[in-house]
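Open your viewer and get ready to click along. The stops below go from the whole chain down to single residues.

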Amino acid sequence: MCGRAGLPQAVRGIRNFPTSTAEVEEIMALTDRPAPVAAEEDRAADEASPRAARPRVVHHISRHMEEPPEPARERVNRRWNEILQETRVAQTGVQILFGFLLSVAFTPGFRDLGTIDRTIYVVTVVLGAAATGSLIAPVSIHRFLSGQRMKDEVVETAHRLMMCGMVLLALTIGATLLLILRVVLPGVLAEVLVAGVMLYFGVCWYVLPLRLRRRSARSETV
């Protein structure tokens, strides 16, 4: 019984066995391939097939897909934390500068300043005070409006005050530099140096960020 049951399987195996010389040579060529060569040929065949190119297309599309939108609450909290960090940096510089300006009026050499230098000093002190008020205002606004569910308005107002404070801080630095250089350097060299420094401030503080913002907007539209 066992012999008769195994007979059909043996017959099928004999039927499937390669009989022609071409089939035998093809099987021997496949089995005699070195492992690196076989792997390289299989990889080339996979890359040539349309199915292998599909993951690259999917990766290219997914790379250009937009990120999921940020929730409104998280966006407001993130913007507020960023404003706080920026305010700390700006406040440190304006407070040191404003303290220096206040101490200048009590030095012995202040009485020897001319009318133009005194006017520059007064303008510089006013600009420094205005910059200090603008950069500290977000903290006061947040303290008064804390718990009133007005964080969107607080963040937007703080952003505008920060921009105004940065402009006033740049003008304060320029006026302070002009006041000092007019005492040290003769002629119009002081005005030329101050103009160069202010131009550099404008490029670093305003032109460069706007250029990067425009480049980012162009890359998103492509």
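Here is the tour, starting with the overall fold.

**Before you start.** This is a predicted model, in which local features need pLDDT of at least 70, side-chain atom pairs count only at pLDDT 80 or more, and totals for chains, interfaces and linings use all residues. Residues are numbered from 1 along each chain as its sequence is written, and side-chain values use heavy atoms, with hydrogens and water left out.

**Stop 1: the whole protein.** Colour by secondary structure and you will find 8 helices and 0 strands; helices (H or I, at least four residues) and strands (E, at least two) are DSSP runs, numbered from the N terminus. Of the 222 residues, 21% are buried (under 20% relative accessible area, with exposed over 50% and partly exposed in between, using a 1.4 Å probe and protein chains only). Among contacts (heavy atoms within 4.5 Å) with a separation of 6 or more, 70% join residues 24 or more positions apart.

**Stop 2: helix 5 against helix 6.** Select residues 72–104 for helix 5 and 115–145 for helix 6: their axes come within 9 Å and cross at roughly 150°. Axes here are lines fitted to C-alpha atoms, for helices over the stretch in contact, and angles run from 0 to 180 degrees between N-to-C directions. The two helices are therefore roughly antiparallel (angles over 145 degrees; under 35 is roughly parallel, 65 to 115 roughly perpendicular and the rest oblique). The crossing of helix 5 and helix 6 is left-handed, that is, the near helix is turned anticlockwise from the far one by less than a right angle, whereas clockwise would be right-handed.

Now show side chains. On the helix 5 side, the residues that meet helix 6 include Trp80, Ala90, Val94 and Phe98; their partners in helix 6 include Tyr121, Val125, Ala131 and Leu135. The contact of helix 5 with helix 6 has 15 nonpolar, 7 polar and no charged residues. In this count, Ala, Val, Leu, Ile, Met, Phe, Trp, Tyr, Cys and Pro are nonpolar, Asp, Glu, Lys and Arg are charged, and the others, Gly among them, are polar.

**Stop 3: Ala90.** Zoom in on Ala90 in helix 5. Is Ala90 buried or exposed? It counts as buried, at 8% relative accessibility. Ala90 and Leu135 are 45 residues apart in sequence, yet 7.2 Å apart in space, C-alpha to C-alpha. Beyond its neighbours within four places in sequence, Ala90 is in contact with Leu135, Met166 and Leu169.

**Stop 4: helix 6 against helix 7.** The contact of helix 6 with helix 7 divides into 23 nonpolar, 8 polar and 2 charged residues.

**Stop 5: Thr172.** Which helix holds Thr172? Thr172 is in helix 7, and at 1% relative accessibility it counts as buried. Setting aside residues up to four places away in sequence, Thr172 touches Leu97, Leu101, Thr124, Leu127, Gly128 and Ala131.

**Stop 6: the cores.** Finish with Trp80, Ile83, Val94, Ala131, Leu135, Val155 and Leu169, which touch the most other members of the largest nonpolar core, a set of 15 residues. A nonpolar core is a set of buried Ala, Val, Leu, Ile, Met, Phe, Trp, Tyr and Cys residues joined through side-chain atoms within 4.5 Å. Apart from it lies another core, of 13 residues, among them Phe98, Val104, Leu113 and Val125.
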